[in-house]
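Me: Please take a close look at one part of this structure for me. I'd like the geometry and the contacts spelled out, with the cut-offs, and then a tour of some other parts.

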Amino acid sequence: MDADVVVVGAGLAGLVATAELVDAGRRVVLVDQESEANLGGQAFWSFGGLFLVDSPEQRRMGVKDSFDLAWQDWLGTAGFDREREDHWPRRWARAYVEWAAGEKRTWLREQGVRFFPVVGWAERGGYLADGPGNSVPRFHITWGTGPGVVAPFERRVRDGVARGLVRLAPRHRVDELVVTDGAVTGVRGAVLEPNDLARGVASSRVEVGAFELSAQAVVVTSGGIGGNHDLVRASWPERLGAPPRELLTGVPAHVDGRMIAITEASGASVVNRDRMWHYTEGIENYDPIWPGHGIRILPGPSSLWVDALGRRLPAPYFPGFDTLGTLEHILRTGHDHTWFVLTQKIIEKEFALSGSEQNPDLTGKDVRQVLSRVKPGAPAPVEAFKRRGVDFVVRETLRELVDGMNALVGEALIDHDELEAQVTARDREIENPFGKDAQVTAIHGARRYRGDKLIRTATPHRLLDPSTGPLIAVRLRVLTRKTLGGLETDLQGRVLRPDGEPLPGLYAAGEVAGFGGGGMHGYRSLEGTFLGGCLFSGRAAGRAAAAATA
């Protein structure tokens with residue numbers, strides 16, 4: 001045997017699984033098609049949000065949470081409705097929520113992970129109590145963002161390297177699982193030419209050799225399909241209609257989904273492959289790292305959201321409320337893009353950009369810079385996008401703004417008078433503590449939460465108040481991100497065959513397994529659950545593989 005276990009994929013789930021195997025004294029080869037500079041994979045680029053339930057951070061912010069409330073929200077959000085394919089995802093989901101309400105925070109603190117004190121409120125839903133969305137804020141931002149989540153597990157893996165238990169095999173692309181007498185006993189594939197490219201930059205696929213590794217077990221942690229638009233379109237669910245003609249890419253090119261088909265060809269069951277999570281608030285990165293690089297705006301609740309024709313999106317499709325519902329509505333309009341219409345006052349308080357590189361204060365753990373977020377002015381990365389981003393239109397009057405919006409798309413799709421009527425109607429309600437506008441009611445409700453009032457929700461004001469200007473319009477496009485279905489696994493991370501029995505010697509974790517079971521999120525995510533899903537499933541698969549190879 002070349003190792004006790006081969007782990008395929010050096011993202012967060014792969015690092016966690018490898019770290020657990022090292023703790024058990026197992027010999028591991030960690031292979032990845034990218035260079036060593038990409039350890040941590042997609043998680044490195046993340047905002048570092050983690051879903052926790054009834055945490056000290058929540059309680060300090062006046063948030064009352066519980067397992068029962070979180071499980072109610074998860075079920076309402078997931079919408080599990082498939083008797084066969086949702087069996088294991090439902091069990092994974094409950095186990096994950098129990099973990100998030102229990103051991104998760106303590107375990108992370110033991111690794112050295114700390115959290116920003118203000119808890120964010122993502123995916124607010126806007127429906128009935130048992131419908132989609134988070135009833136309370138649960139989005140805990142890691143101090144250090146994505147790199148801060150990755151660091152403890154990379155450190156444990158590198159300690160395993162120093163102890164002679166781990167061999168890193170970068171630029172090793174797995175093309176096949178080796179199956180012997182019905183059990184997975186290794187991997188084989190191509191050695192790719194070395195490179196010294198920066199993290200995230202698309203690399204070559206020039207082969208310079210071949211390899212084969214044998215082991216008692218293989219753990220697949222290779223990620224999802226978000227960097228492969230062809231596979232995204234092929235998996236696009238019919239219920240959403242045709243996919244957008246144009247997609248921005250929210251993940252590096254190496255998130256290509258290859259290992260899903262490779263593992264399936266070896267006898268694994270793949271379920272819920274039509275469930276995906278793509279964001280509707282994507283903007284083009286003016287300084288791209290990978291091809292088609294898009295950034296997601298993490299919006300507060302105040303921007304006016306209109307479709308490509310300037311028609312206001314209906315309730316509850318407000319910024320930050322229901323990603324999947326908003327996506328469905330947008331695709332029904334026949335256009336791929338929408339717009340945020342807002343003021344300088346709103347952008348200063350409510351715009352955050354997803355990604356570790358877009359939040360240098362939190363990523364760099366710079367307390368002074370973080371404190372500057374409460375001061376007047378937009379965060380520097382947001383202001384840079386406003387000045388340099390191709391999707392931003394900044395004007396003094398609404399008529400000038402509409403002219404700029406139409407010029408950007410090359411077609412006079414928006415009528416000034418119609419948009420002005422909608423803005424004016426909204427403005428009539430904004431300064432009244434009463435009213436019928438559901439978004440205005442939501443804004444007032446958000447400001448009752450201390451965290452939103454402090455740093456995430458602007459004081460209610462009229463969009464056409466010149467003292468809050470200039471006016472800003474931001475063109476938004478669909479941004480690929482997460483795969484919610486994948487390899488079917490039991491609670492030990494063992495990959496199952498189509499007959500429901502484990503495929504001997506094979507485990508999976510992270511996004512390739514739908515973060516557990518082949519889709520523990522169901523149709524929707526409550527946010528902060530992707531990194532957490534990698535942590536939870538990677539730990540489970542690592543521990544199970546360690547026990548099986550004792």
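Predicted model: local features only at pLDDT ≥ 70, side-chain atom pairs only at ≥ 80, totals over all residues.

Reply: Let's start with helix 15 and helix 16, which are oblique to each other. Numbering runs from 1 along each chain as its sequence is written, and side-chain values use heavy atoms, without hydrogens or water.

Two packed helices are described by the angle between their axes and the distance between the axes. Here, the axes of helix 15 (residues 416-430) and helix 16 (residues 438-446) come within 9 Å and cross at roughly 40 degrees. Axes are lines fitted to C-alpha atoms, for helices over the stretch in contact, with angles from 0 to 180 degrees between N-to-C directions. Helices (H or I, at least four residues) and strands (E, at least two) are DSSP runs, numbered from the N terminus.

As for who meets whom, R426, E429 and I430 in helix 15 touch V440, I443 and H444 in helix 16, contact being heavy atoms within 4.5 Å. By class, that contact holds three nonpolar residues, one polar and two charged. Nonpolar covers Ala, Val, Leu, Ile, Met, Phe, Trp, Tyr, Cys and Pro, charged is Asp, Glu, Lys and Arg, and the others, Gly included, are polar.

Now for the cores. A nonpolar core is a set of buried Ala, Val, Leu, Ile, Met, Phe, Trp, Tyr and Cys residues joined through side-chain atoms within 4.5 Å. The largest has 101 residues, with V6, L12, W74, V187, V218 and L535 making the most contacts inside it. Helix 18 (residues 530-548) gives the most to this core, ten residues. Apart from it lies another core of 35 residues, including I295, L304, A378 and L419.

Helix 8 (residues 258-265) buries M259, I260, I262 and T263; buried means under 20% relative accessible area, exposed over 50% and partly exposed in between (1.4 Å probe, protein chains only). Their cover includes strand 1 (3-8) and strand 20 (502-508). After helix 8 comes G267, with a positive phi near 115 degrees.

Technical notes: Parallel < 35°, antiparallel > 145°, perpendicular 65-115°, else oblique.
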